[in-house]
Protein chains: 2
Amino acid sequence: MTDEPKTQLHHRHLEQARAQVIELLTRQAVERELVSKSEGHGGQDAVVSQLVARQQQTALQQRMLRFHPADIAFVLESLPRDAREMAWALVRPERRGAVLLETSDAVRRNLIEDMPPGEIAASLHHLESDDIADLIGSLPEDIGAQVLERLDRADQVEVRSVLSYPDGTVGAMMDLDFLTVRDDAALEAVLRLLRRKKKLPAETNQIVVVDRGNVLRGVLTLEQLLLSEPEQSVAEVMTPNPQFFYTDDPVTDAVAVFERYDLISAPVVNQHMEVVGRVAVDDIVDTIQAQQERDALRQVGLREEEDLFAPVWQSGRNRWPWLALNLFTAFIASRVIGFYEPTIEKLVALAALMPIVASVGGNTGNQTMALVIRALSLNQLSGPLLRKMLIKELLIAALNGSVWGSVLGAMTFMLYHELPLTAVITAATVFELLLAATAGAMIPVLLERFGRDPVLGSSVLLTAVTDSMGFFIFLGLASLFLV
Amino acid sequence: MTDEPKTQLHHRHLEQARAQVIELLTRQAVERELVSKSEGHGGQDAVVSQLVARQQQTALQQRMLRFHPADIAFVLESLPRDAREMAWALVRPERRGAVLLETSDAVRRNLIEDMPPGEIAASLHHLESDDIADLIGSLPEDIGAQVLERLDRADQVEVRSVLSYPDGTVGAMMDLDFLTVRDDAALEAVLRLLRRKKKLPAETNQIVVVDRGNVLRGVLTLEQLLLSEPEQSVAEVMTPNPQFFYTDDPVTDAVAVFERYDLISAPVVNQHMEVVGRVAVDDIVDTIQAQQERDALRQVGLREEEDLFAPVWQSGRNRWPWLALNLFTAFIASRVIGFYEPTIEKLVALAALMPIVASVGGNTGNQTMALVIRALSLNQLSGPLLRKMLIKELLIAALNGSVWGSVLGAMTFMLYHELPLTAVITAATVFELLLAATAGAMIPVLLERFGRDPVLGSSVLLTAVTDSMGFFIFLGLASLFLV
């Protein structure tokens, strides 16, 4: 990051400082609204309060200067839209790019809404080209294209090259700013080279070693550089077979490898083993965190991260696809019940008991599914292991179906004093749990086999199955044996 | 890590290599079982196949020597218990500690089941004391105590000090192996000191700077050390106000700060600002990943990570508390329906329609809840913002209730051709969504306010509310206006 203050607030004080700034800004936004309403009346009061407001704003600007861009982003995300606009105006133009880099996509789009493309391009000027590419990639396509055209010629070329890698590949996430040295250089020469620079790229824990043709030969850690004799050559000291990535490796692989081998950074090569970039652990941490947030929202059908302060209409529609799907599957379950209306008419207790069977099935299926999704994401489910796991889950379902089906049977008997009904609900619970375990194990496996993300939508599909089939099993058994 | 091979397989080849080893071991375990069954018959066949097996094992041991401990842990976790036992026997004693460090808790407990405490202590001998503390903390208490007694005296003291910090604090996760220098030293002296060491602690990107009393003064990055003139003093070159942590800071704070400021490592101090440890980014990455896995399992009520190959009985019981809770809440919802049995008896269509209302409510509530939990974890919900968000969610619920309630009403009319029933289901949907939004917003907030984790159990509580109240609203309205 450019020109960031070296001295920052300690994180404990920071939270208070942020909260104060947020409160001040929120209050000011309210006051400004009051002032603009009373402006018609004019008068000295308005002039005075405007003066006070201006003083406060200068003080606020001073305070925000000590904030890291990530903290300014936090403040912006926590503010309602009118106060957010005021706060954005207080951020110096040369820091805006760094702040935009740290906000969520939704808030970023809100912030640049009113900025002309030329101004956006100017605010990105201080950033590295891979960061510019990230930002442009997150903008609406037409705006992104306009901003791109207004960048420096050199930036444009680099940004276009990063944008050419598909989303979710290492190529799209790599840094372009990194150090390389030749393997036949002496350490002394490397040290001289470094001293001539004022600053190394962020997260530089190692220097990439290449040959004459820019082909990866190894990595030289700063530690090796510091601890070895200056007369030695790079090739003697370096680590010769480091972990590296191809530009088309999926990001998920990079995350796994960084975690497994505790890496700080790793070189990225093209198909000819020529070094074209570098991945660093800070991008990995961001990726994991973003993934985690996205998964939590995606599981309940919220596709994108939502701006907490987006208009109601926009947020409401964001939730429609999932609601529609849910309504559709619930409707199918309802038709299963509708089919058995005559049976229910004769024994209305069935209506009260059927949701219990469906609910316990959903619970069991979800537990199995969580375990299978975890095993899938760890690559731990090959063919024979899958069969073994399915058998185990079926045995657990049989065990728990018998135990908790009997409990449910006992409760039913206490309420209705009917042995046949008790037998039917116990049997239905066993069958439902067996079916739920099968569905819970197979749905994510099948989704993955058809090239889909096993997390997205698996829960709706499962509930659709456990609800419909739960009603079918219970009411079906009842219509056969009770009515 | 000690004595790890410098040259490792590239991650692309590694996956194949692991899969091959897993397959070989699984097959061998099956063969061994066959041999032991046919042993009664004795004869040359058995001797030959034992010889072959021994040769294969030596080959396997050679291959696993090239694996990183994390990869061996992966292999062990992917193997059924009999094959896992065979594989564990192939791991050299001096590498076992490093492997144990990388396995899940459940698999770790399985591996040490048959090891006497002395042997466990011996296998931990090569590890750093903070890693030993992590391992001992994850063992059953009595075994942990026995292992602790058998450690070297020096290790014992350090391990006990780490174990004295409560779980979930920075003190419990920090490393004890790190470098410090005095602020009045010259860089030259620091360089000499480093050259005398053969190796720096893992993830050393900076050296902690202290004064005479071991009080934190700043950090000196390797970059600053490399780029500055050797005659300068540490104090002139260092970063004077670095981010640091207190031993009692929660780990979640450390994760947030590392992510926000892209840290690689940071010093840890006690209440007197004396440096006592260091946190590095690899621990942060592990923490985030573990958190992510745990959350996914906890959401469906699986408390601990489960060993895929644990016995059925053990895995089955692991799921009981949640199943019992689910049965209990489903039973309450069932009693709500039971109360309206006379109403259903008169209009059996209600039985078929009521699950739709409850299901759409559950969906809406879960969406609101996911957003609120995210905002809570980002610390973005103070008092006035909470009110603002609740109002917004209620407006969304009113909008979506009207839209999708009307759709549901239209479907109901097509099926049953009854206008009053159509009106009731539309109204019930609107009320249910308003209630679901309120519950979805308030449940995590209340859980947090009472000092509970807002993720754990929130989903059960929500479904309990949306189901019971959904049935109550719909059947209540029906009993008032239809029957």
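In chain B of this predicted model, strand β4 (residues 245-246) runs parallel to β5(B), to which 2 bridges join it. Helices and strands are DSSP runs numbered from the N terminus, helices being H or I of at least four residues and strands E of at least two; two strands are taken to pair if DSSP finds at least two bridges between them. Residues are numbered from 1 along each chain as its sequence is written, while chains are lettered from A and ligands numbered from 1 in the order in which they are written. Local features need pLDDT of at least 70 and side-chain atom pairs count only at pLDDT 80 or more, whereas totals for chains, interfaces and linings use all residues.

Strand β5(B) is also joined to β6 (residues 275-280) of chain B, by 5 bridges in an antiparallel arrangement. Here V268(B) stands opposite G277(B) in β6(B). The two strands β5(B) and β6(B) form a hairpin with 5 residues between them, and M273(B) in the turn has a positive phi of about 65°. Strand β5 (residues 265-269) of chain B is largely enclosed by the rest of the structure, because 5 of its 5 residues are buried (20 or more other C-beta atoms, placed from the backbone, within 10 Å of the residue's own).

In chain A, an open sheet of 3 strands likewise has the order β4-β5-β6 and mixed pairing. Strands β4 (245-246) and β6 (275-280) of chain A stand at the edges with a single partner strand each, so one side of each lacks a neighbour in the sheet. Strand β5 (residues 265-269) of chain A pairs with β6(A) in the antiparallel sense over 5 bridges, and V269(A) has V275(A) in β6(A) as its bridge partner.

Elsewhere in chain B, the axes of helices α5 (residues 93-100) and α7 (residues 117-124) come within 7 Å and cross at roughly 85°. This angle makes α5(B) roughly perpendicular to α7(B) (65 to 115 degrees). In contact, defined by backbone-placed C-beta atoms within 7 Å, are P93(B), R96(B) and G97(B) of α5(B) with A122(B), S123(B) and L124(B) of α7(B).

Chain A superposes on chain B by a rotation of 180° with 0.0 Å of shift along its axis (RMSD 0.1 Å), by least squares on the C-alpha atoms of residues with pLDDT of at least 70 in both copies. The two copies are thus related as by a two-fold rotation axis. Their contact takes 99 residues from chain A and 99 residues from chain B. On the side of chain A that touches chain B, helix α20 (residues 349-377) of chain A gives the most, with 14 residues. That side of chain A divides into 53 nonpolar, 26 polar and 20 charged residues, where Ala, Val, Leu, Ile, Met, Phe, Trp, Tyr, Cys and Pro count as nonpolar, Asp, Glu, Lys and Arg as charged, and the others, Gly among them, as polar. The copies meet through the same surface, because 98% of the interface residues of chain A are also interface residues in chain B.

Terms used. Contact = placed C-beta atoms within 7 Å. Buried ≥ 20, exposed ≤ 12 C-beta atoms within 10 Å, placed from the backbone. Axes fitted to C-alpha atoms, helices over the stretch in contact; angles between N-to-C directions. Parallel < 35°, antiparallel > 145°, perpendicular 65-115°, else oblique.
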